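I opened my notebook today to look up how the side chains in this model meet one another. Here is the structure, followed by my entries.

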Amino acid sequence: METAIRQLRRKTDIVVVSFHWGKEGQTTPEPYQVVVAHRAIESGAHIVVGHHPHRIQGIEFYKGGVILYSLGNFLFPGSSRVESFLAEVVVTQIGVKSVRILPIWVSGGRPVPSSDSRLVGAIREVLAAVGSGIDVEGAWLNVERR
């Protein structure tokens, strides 16, 4: 992985790595996820995006990059109400400049943006677990290093 990321970094402006990982239903990343994500950033990735647990997990700023451990479920047929978010990441030549997210409830299998305080609270909680916080700006949440 590290060799492939280093090679890509020399050929591209932005390297995004995606991992299908984690334990289903868990809102915090497993220790191995943190290690692998850190190695990906150290090797030259700008953004690491995780998916699989069907739950949102934290967002960590690390050495000029950002790790989105799990985005939750965006489209999930048959589910009642599941938390998720869209992420917008701005990357410059010196690294990740900003991250903001749009909270989403997935209801009836479809994503619906929401500013519901329970959803924002759940996002705040999982971000705090990895050392990040949020600043509410309308419908979007600015993710901040803490």
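**Entry 1: the core.** I began inside, where the largest nonpolar core has 22 residues. A nonpolar core here is a set of buried Ala, Val, Leu, Ile, Met, Phe, Trp, Tyr and Cys residues joined through side-chain atoms within 4.5 Å. Buried means under 20% relative accessible area, exposed means over 50%, and partly exposed is in between (1.4 Å probe, protein chains only). I noted that Ile59, Val66 and Ile123 have the most contacts inside this core. Two or more residues each come from strand S2 (47–51), strand S3 (59–62), S4, S5, strand S6 (95–107), helix H3 (117–128) and strand S9 (140–145). H3 gives the most, with six residues. Helices (H or I, at least four residues) and strands (E, at least two) are DSSP runs, numbered from the N terminus.

**A note on the model.** This is a predicted model, in which local features need pLDDT of at least 70 and side-chain atom pairs count only at pLDDT 80 or more, while totals for chains, interfaces and linings use all residues. Residues are numbered from 1 along each chain as its sequence is written, and side-chain values use heavy atoms, with hydrogens and water left out.

**Entry 2: the rings.** How many aromatic pairs does the structure hold? I found two. Rings of Phe, Tyr and Trp (its six-membered ring) pair if their centres lie within 6.5 Å; planes under 30 degrees apart count as stacked, over 60 as edge-to-face and the rest as tilted. Phe19 and Trp21 are stacked, at 4.7 Å centre to centre with 15° between the planes. The pair of Trp21 and Tyr69 is stacked too, because the ring centres are 6.2 Å apart and the planes are at 20°. Trp21 lies in the loop between strand S1 (16–20) and helix H2 (31–42) and Tyr69 in the loop between S4 and S5, so this pair ties together parts 48 residues apart in sequence.

**Entry 3: charges over rings.** A charge sits over a ring if NZ of Lys or CZ of Arg is within 6 Å of the ring centre and within 35 degrees of the ring normal. I found Arg100 over the face of Trp140, at 4.2 Å from the ring centre. The charged end of Arg145 sits over the ring of Phe61, 4.1 Å from its centre.
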